[in-house]
Amino acid sequence: MDNAAYISLSRQSATRRQMEVIANNIANVSTPAYKSQRLLFSEFVTKGANDTQRMSFVQDTAVVRETSEGPLTDTKNPLDVAIKGDGYFVIQGQDESYYTRNGRFHLDDKGRLVNAANLPVLDEGDNPITIPTGAGRIEIGEDGSVSTETGTVGRIQVVQFDDEQTLALISNTMYRSDATPSPATDVKVLQGMIEESNVQPIIETANMINALRSYENSQQMIQAEHERILKSIDTLTHAS
């Protein structure tokens, strides 16, 4: 295959991956605390058959999250909780802690505060927060303290990371990390609120249109190069 076709294919492959990332963003426009993603591209330069000739390929290097805070919505649900500032709730996983900003919580059949996957929300002592049976009122303070009419039952743990990009995504809004987090500072825990997705649909739609056009342009270049090669073969065949 001609070098021009290889270069066009590298661009087309990267654009296809970009379309997948954009489509996932759009699909999660209504997912609480979802963070939009973008593909990070780089240039890969290699030598051709002639040592003086260089070829430049497109390479998708990584997926980067946009960590900006999404809009906060008042839900009036006392078990919905949002973080104002940089921080993550700590969730009890199977063998390790998980982290999320999605505070759409509820109580399980044991009275524990859990997330949508029924995994317990942890307090500052890494223990599940349990609401006493029969509690008629649940209040969550800006410091994360959880209390009922019988008194305080725990304090929701909120942590932060030096580099949020090192968090590994395990679901649309939940992460794991090998790094040790620290207690979050300058944050508020807001009861009856939920953080919405930070995806901007209009921008993502424009990005999808641009990616589609780029993909089609690459396809046209490959087709044109294919036709050029066929024409050259035909010309050489008739000349001989």
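Predicted model: local features only at pLDDT ≥ 70, side-chain atom pairs only at ≥ 80, totals over all residues.

Tutor: Lys84 counts as partly exposed, at 41% relative accessibility. Residues are numbered from 1 along each chain as its sequence is written, and side-chain values use heavy atoms, with hydrogens and water left out.

Student: With which residue does Lys84 form a salt bridge?

Tutor: Side chains of opposite charge can pair when their charged atoms come close. The criterion for a salt bridge is a side-chain nitrogen of Lys or Arg within 4 Å of a carboxyl oxygen of Asp or Glu. Lys84 pairs with Glu69, the closest N and O atoms being 3.3 Å apart. Because Glu69 lies in the loop between β2 and β3 and Lys84 in strand β4, the pair ties together parts 15 residues apart in sequence. Strands are DSSP runs (E, at least two residues), numbered from the N terminus.

Student: Are Arg101 and Glu195 buried or exposed?

Tutor: Arg101 is buried, at 6%, and Glu195 is buried, at 1%. Their side chains meet in a salt bridge of 2.8 Å, N to O. Arg101 is in the loop between β6 and β7 and Glu195 in strand β17, so this pair joins parts 94 residues apart in sequence.

Student: How many salt bridges does the whole structure hold?

Tutor: The search finds 12. Lys35, Glu69, Lys84, Arg101 and Glu195 are linked in a network of them.

Definitions and conventions. Helix = DSSP H or I, 4+ residues; strand = E, 2+ residues; numbered from the N terminus. Buried < 20%, exposed > 50% of the residue type's maximum accessible area, 1.4 Å probe, protein only.
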